[in-house]
Amino acid sequence: MSGGKKRSRDEVDGVNTTAEHQKASTSDTKKRKVASSKLVDDSIKHRANEILKKYGGLPLSDLGLPNPSSADRENVLALIYNAMLTSARISHELATKSVKCLIDAGYQDIDTLTRSTWEERTEVLTRGGYTRYREKTATALGDLAQLVEPKYDGDINNLLSKADSDPTQLRGLVKEIKGIGNVGVDIFSDTAQDIWPCLAPFIDPRSMKTAKQCGLGDDMHAIWESVGKDKRKMCELATALTTVRLGKKEKEFA
């Protein structure tokens, strides 16, 4: 070796051995991280399955809609009603009962809603116990009919195409509906991601806190992976977490 002393065989062997140890140590560390990550992923998947098994189900599946998993205009309109009514400061039970009354009255059909009078809508809401906000909501429902007919050609599904299936634009258009604010948009995003896949994955901020309390963590990507990136399961999980939160059932999964 020019310009210096040649290293002895022992020195060379020592350097090679050290490099090999470092390489092996790095490899072991990576393996441990992968194994640890897999354990975490499996844990989240197991917990998600537990929550789904106990409280999973599609939103509004028990309110009399013929096929709540289809993306027809009646289902989307029903989900809009759900977001509008359950986002108000009123008991979830009364809000859900009032949504069912709207469906029983046939208001998921935009033509029926358009033909209805303010007094008729107020009466339907009263039957559901939505007395605190019935006048205001009856007016908002009338405004909704006037919005859907001209802007979306009578089909609320056309909102999706107007937003170019972009979640941010879509949320902005939903928020244009009177009676729906930020909380309402979050509720709609939770419940509509099965039939409008561009919204997935989504869990509203309040239910994300519940997810963390239940052992799912608060990493949306990890939770999305835990359900196999399945939009229906994600929708069911978001709905289940809402049920857990409202029923204060977090300790069941702690």
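Colleague: Which way do α2 and α3 cross, left-handed or right-handed?

Modeller: In this predicted model, α2 passes α3 in a right-handed crossing.

Colleague: And the geometry? What are the angle and the axis distance for α2 and α3?

Modeller: The angle is about 150°, and the axes sit 9 Å apart. Angles over 145 degrees count as roughly antiparallel, so that is the label for α2 and α3.

Colleague: Which residues make that contact?

Modeller: From α2 you have A78, Y81, N82, L85 and T86. On the α3 side there are H92, A95, T96, S98, V99, L102 and I103.

Colleague: How does the contact of α2 with α3 split into nonpolar, polar and charged?

Modeller: Seven residues are nonpolar, five are polar, and no charged residue takes part.

Colleague: OK, now α9. At what angle does α2 pack with α9, and how far apart are the axes?

Modeller: About 140° for α2 and α9, with 8 Å between the axes.

Colleague: Why is that pair called oblique?

Modeller: Roughly antiparallel needs an angle over 145 degrees and roughly perpendicular runs from 65 to 115; with an angle of about 140°, α2 and α9 are therefore oblique to each other. The α2 and α9 crossing is right-handed.

Colleague: Who is touching whom there, between α2 and α9?

Modeller: α2 brings V76, L79, I80, N82, A83 and T86. α9 brings G184, I187, F188, T191 and A192. By class, the contact of α2 with α9 has seven nonpolar residues, four polar ones and no charged ones.

Colleague: How many residues of α9 are buried?

Modeller: Nine of the 11, so α9 is mostly covered. The buried ones are G184, V185, D186, I187, F188, S189, D190, T191 and A192.

Colleague: What do the buried residues of α9 pack against?

Modeller: Four helices: α2, α8, α10 and α12, the last one spanning 231-246.

Colleague: Let's talk cores. Which residues touch the most other members in the largest nonpolar core?

Modeller: L170, F188 and W196, in a core of 48 residues. Helices that each supply at least two residues include α2 (73-86), α3 (92-104), α6 (134-151) and α9 (182-192). The largest share comes from α2, with nine residues.

Colleague: Zoom in on L170. What does L170 touch, leaving out residues up to four places away in sequence?

Modeller: L159, L160, A163, F188, W196, C198 and L199.

Colleague: What is in the second, separate core?

Modeller: That one has 22 residues, among them A48, Y55, A238 and L241.

Colleague: Is K209 buried or exposed?

Modeller: Exposed: its relative accessibility is 61%, and the cut-off for exposed is over 50%.

Colleague: What about phi at D153?

Modeller: D153 isn't a glycine, yet its phi is positive, about 55°. D153 lies in the loop between α6 and α7, and at 63% relative accessibility D153 counts as exposed.

Colleague: And what is phi for S165?

Modeller: Near 55°, again positive in a residue other than glycine. S165 is in the loop between α7 and α8. With 38% relative accessibility, S165 counts as partly exposed.

Colleague: Last bit, the whole chain. How many helices and strands does it have?

Modeller: 12 helices and zero strands.

Colleague: What share of the chain counts as buried?

Modeller: 42% of the 254 residues.

Colleague: And among contacts between residues at least 6 apart in sequence, what share joins residues at least 24 apart?

Modeller: That comes to 62% in the protein chain.

Technical notes: Residues numbered from 1 in each chain as written. Predicted model: local features only at pLDDT ≥ 70, side-chain atom pairs only at ≥ 80, totals over all residues. Heavy atoms only, no water. Core = buried A, V, L, I, M, F, W, Y, C linked by side-chain atoms within 4.5 Å. Buried < 20%, exposed > 50% of the residue type's maximum accessible area, 1.4 Å probe, protein only. Contact = heavy atoms within 4.5 Å. Axes fitted to C-alpha atoms, helices over the stretch in contact; angles between N-to-C directions. Parallel < 35°, antiparallel > 145°, perpendicular 65-115°, else oblique. Left-handed = near helix turned anticlockwise from the far one by under 90°. Nonpolar A, V, L, I, M, F, W, Y, C, P; charged D, E, K, R; others polar.
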